[in-house]
Amino acid sequence: MNGLKIVIIGAGIGGLTAGIALKQAGFEIEIYDRVKELRPVGAGISLWSNGVKVLNRLGLGEKMAKIGGIMDYMEYRNASGQLLSQIDLYPLISTVGQRPYPVARADLQSMLQTHLESYGVNIHLNHKCMGVEENEKDVTATFENGHQSTGDLIIAADGIHSILRTYVLGEEVSPKYGGYTNWNGLVPAHEDLAPKNSWVIYVGDHQRASLMPVARDRFYFFFDVPLPKGTAAEPENYQAQLKEHFAGWAKPVQNLIEQIDPYQVARPEIHDVGPLKSLVRGKVALIGDSGHATCPDLGQGGCQAMEDGVVLTHYLLTTNLGIEDALKRYEKERKERTGAVVQKARKRAEQIHGKDPTVTQRWYDQLAVEDPHEVREAIAKVILAGPMH
């Protein structure tokens, strides 16, 4: 099916990755986003090996290595700082065939955008898609500013609050609150916070404080706190609020709170979407958060969006029964994979954040005696269940 024109709605990680994969396959693409300026949502992302393998396939492996942090170990500590477990990640890397890379979202998005633009593809900003219409021949996206774009298919990569998801499903599906709020940002890496080659997670009181290395000698950090949905965000009070939530926690946690710039901190309420009954309708396909937004507790949200792009490209290249057949094949493969990840991530979020306090306490107790091999096996199982084994 060479010669296709593909319209991509959304220029986040999923939309940009799909755009690169499709352009490399020889398709014509147009890409649109509602924002006036491309800015990352959140400060960082843990890109596990399956996501990195997608970038390797697209020829971006060396560039990814330059912007990714070197993470050799995972450490779990309790609120007072006592080491519960240390997990050497090298056996995991050997098993799955690729190092994971924590990365600043701005660096990742900039890398993807620059690479896409190197093919002569410009992203059309300030174009909010309001709907689509399709016929037997093609499909047209209509934008709030009156612009229209017609292609052979449309990829809806318009995020967790997707407008096109309603078209695909025939009904509105709202994001579901994951039960907690997440503060995240970037700080200079110092040994008084954590070892520079380790992901360190403090747990207690159904909360987490976490630090992981990213490029240019920085840590990506986050704090998780279960809060009622709709709790007001007040940047001027972030430090005071975090000091209250994490009162009495270990010295590195207190150091981190002191060092953050509250006006450079993102504070999303965590939501997910799915599993959905379908990911495609006719000539329109959902990818990324529009089809399967996940709680970030597995670190798989961005990875799944990247997998979507290469799988969709694969079926467009290898199926000769028409676009709708290719999309149905994409849907069959990705619905099972992403649905399982959404469910597993939500279960993990509930376990970590005290939905049932006895379950969370059991997890705390387990951390101190858990075999690192079993932890690596669980992570590898998620990574290798997808297309990038």
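**Stop one: the cores**

Select Ile 6, Met 64 and Leu 108: among the 95 residues of the largest nonpolar core, these touch the most other members. A nonpolar core here is a set of buried Ala, Val, Leu, Ile, Met, Phe, Trp, Tyr and Cys residues joined through side-chain atoms within 4.5 Å. Buried means under 20% relative accessible area, exposed means over 50%, and partly exposed is in between (1.4 Å probe, protein chains only). Helix α10 (residues 301–318) gives the most to this core, with seven residues. Apart from it lies another core, of 25 residues, among them Tyr 202, Phe 219, Phe 246 and Leu 256.

Before moving on, know that this is a predicted model, where local features need pLDDT of at least 70 and side-chain atom pairs count only at pLDDT 80 or more, while totals for chains, interfaces and linings use all residues. Residues are numbered from 1 along each chain as its sequence is written, and side-chain values use heavy atoms, with hydrogens and water left out.

Go back to Ile 6 and show its contacts (heavy atoms within 4.5 Å). Leaving aside neighbours within four places in sequence, Ile 6 is in contact with Leu 22, Phe 27, Glu 28, Ile 29, Glu 30, Leu 153, Ile 155 and Leu 316.

Now pick Lys 5, in strand β1 (residues 5–9). Helices (H or I, at least four residues) and strands (E, at least two) are DSSP runs, numbered from the N terminus. Is Lys 5 buried or exposed? Lys 5 is buried, with a relative accessible area of 18%. Its side chain makes a polar contact of 3.2 Å with the side chain of Glu 30. Such a contact is a pair of N or O atoms within 3.5 Å; within protein, one must be able to donate a hydrogen and the other to accept it, and residues adjacent in sequence count only if both atoms are side-chain atoms.

**Stop three: the open sheet**

Colour the seven strands of the open sheet, in the order β5-β4-β13-β14-β15-β12-β16, with mixed pairing. Strands pair if DSSP finds at least two bridges between them. Which strands stand at the edges? They are β5 (83–88) and β16 (269–272), each with a single partner strand, so one side of each is left without a neighbour in the sheet. The twist averages 20 degrees from one strand to the next.

Zoom in on β13 (residues 198–204) and β14 (residues 207–214), which run antiparallel and are joined by five bridges. Here Tyr 202 stands opposite Ala 209 in β14. Next, β4 and β5 are also antiparallel, over five bridges; Arg 77 has Leu 83 in β5 as its bridge partner. Four residues sit between these two strands in their hairpin, where Gly 81 takes a positive phi near 100 degrees.

Angles run from 0 to 180 degrees between N-to-C directions, with axes as lines fitted to C-alpha atoms, for helices over the stretch in contact.

**Last stop: the loops**

Select Arg 216, in the loop between β14 and β15. Its phi is near 60 degrees, a positive value in a residue other than glycine, and Arg 216 counts as exposed at 59% relative accessibility. Finish at Pro 275, in the loop between β16 and β17 (280–281): the peptide bond from Gly 274 to Pro 275 is cis, with omega near 0 degrees.
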